[in-house]
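Trainee: I have a structure to look at and would like to learn how to read its features. Please take me through them one at a time.

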Amino acid sequence: MANIKSAKKRIDVIDRQTMENKSYKTKIATYVKKYKAAVDNKEENAASLLSETFSLIDSAVSKGILQKATANRKKARLSVYGK
């Protein structure tokens, strides 16, 4: 455990950022599951779910939550899944 006040503050900040990043990744995973379910059930809203998922992944890259290569890999796998 940290003894210096600024180090204790940094621990709190890191914990908060970790929670935010984890919740964002969970949101992305939820949209991926919704998209896959829509494709499997041949629903009409699958294309809109795919575009929403892509925009979430792109915003995660811009926020620094995901790396660019990881996001590109996820998007490529999703686009192939629908075909």
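**Reading the features**

Mentor: Start with a contact: the side chains of Asp 58 and Lys 75 form a salt bridge, at 2.7 Å from N to O. Asp 58 belongs to helix α2 (residues 46-63) and Lys 75 to helix α3, so the pair ties together parts that are 17 residues apart in sequence. The model is a predicted one, where local features need pLDDT of at least 70 and side-chain atom pairs count only at pLDDT 80 or more, while totals for chains, interfaces and linings use all residues. Residues are numbered from 1 along each chain as its sequence is written, and side-chain values use heavy atoms, with hydrogens and water left out.

Trainee: How many salt bridges does the rule count?

Mentor: Side chains of opposite charge can pair when their charged atoms come close. The rule asks for a side-chain nitrogen of Lys or Arg within 4 Å of a carboxyl oxygen of Asp or Glu. By this rule the count is one salt bridge.

Trainee: Is Lys 75 buried or exposed?

Mentor: Buried means under 20% relative accessible area, exposed means over 50%, and partly exposed lies in between (1.4 Å probe, protein chains only). Lys 75 counts as buried because its relative accessibility is 18%. For the protein as a whole, 25% of the 83 residues count as buried.

Trainee: Which secondary structure does the protein have?

Mentor: Helices (H or I, at least four residues) and strands (E, at least two) are DSSP runs, numbered from the N terminus. The protein has three helices and zero strands, and along the sequence the pattern reads α-α-α.

Trainee: What is the radius of gyration of the protein?

Mentor: This value is taken over C-alpha atoms, and the globule rule is 2.2 Å times the number of residues to the power 0.38. A compact globule of 83 residues would come to near 12 Å, whereas the protein has 17 Å. The C-alpha trace spans about 55 × 20 × 15 Å along its principal axes.

Trainee: Which residues gather in the patch of positive charge?

Mentor: For charges, a patch joins like charges within 9 Å, using residues with over 30% relative accessible area and no salt bridge. Lys and Arg count as positive, and the place of a charge is taken as NZ of Lys or CZ of Arg. Here Lys 25, Lys 36, Arg 73, Lys 74 and Arg 77 form such a patch on the surface. The elements giving two or more residues to the positive patch are α1 (5-40) and α3 (68-81). Its largest share, three residues, comes from α3. Lys 36 is found in helix α1 and, at 33% relative accessibility, counts as partly exposed.

Trainee: Where is Lys 42 found?

Mentor: Lys 42 sits in the loop between α1 and α2. Its phi is near 55°, a positive value in a residue other than glycine. With a relative accessible area of 74%, Lys 42 is exposed.

Trainee: How many residues apart along the chain are Ser 55 and Asn 21?

Mentor: Ser 55 and Asn 21 are 34 residues apart along the chain, and their C-alpha atoms are separated by 16 Å. Ser 55 lies in helix α2 and is partly exposed, with a relative accessible area of 42%. For another pair, Asp 58 and Ala 37 are 21 residues apart in sequence and 22 Å apart in space, C-alpha to C-alpha.

How values were computed
Patch = residues over 30% accessible without salt bridge, like charges linked within 9 Å, V, L, I, M, F, W, Y side chains within 5 Å. Areas by Shrake-Rupley, 256 points an atom, 1.4 Å probe, with all protein chains shown as cover.
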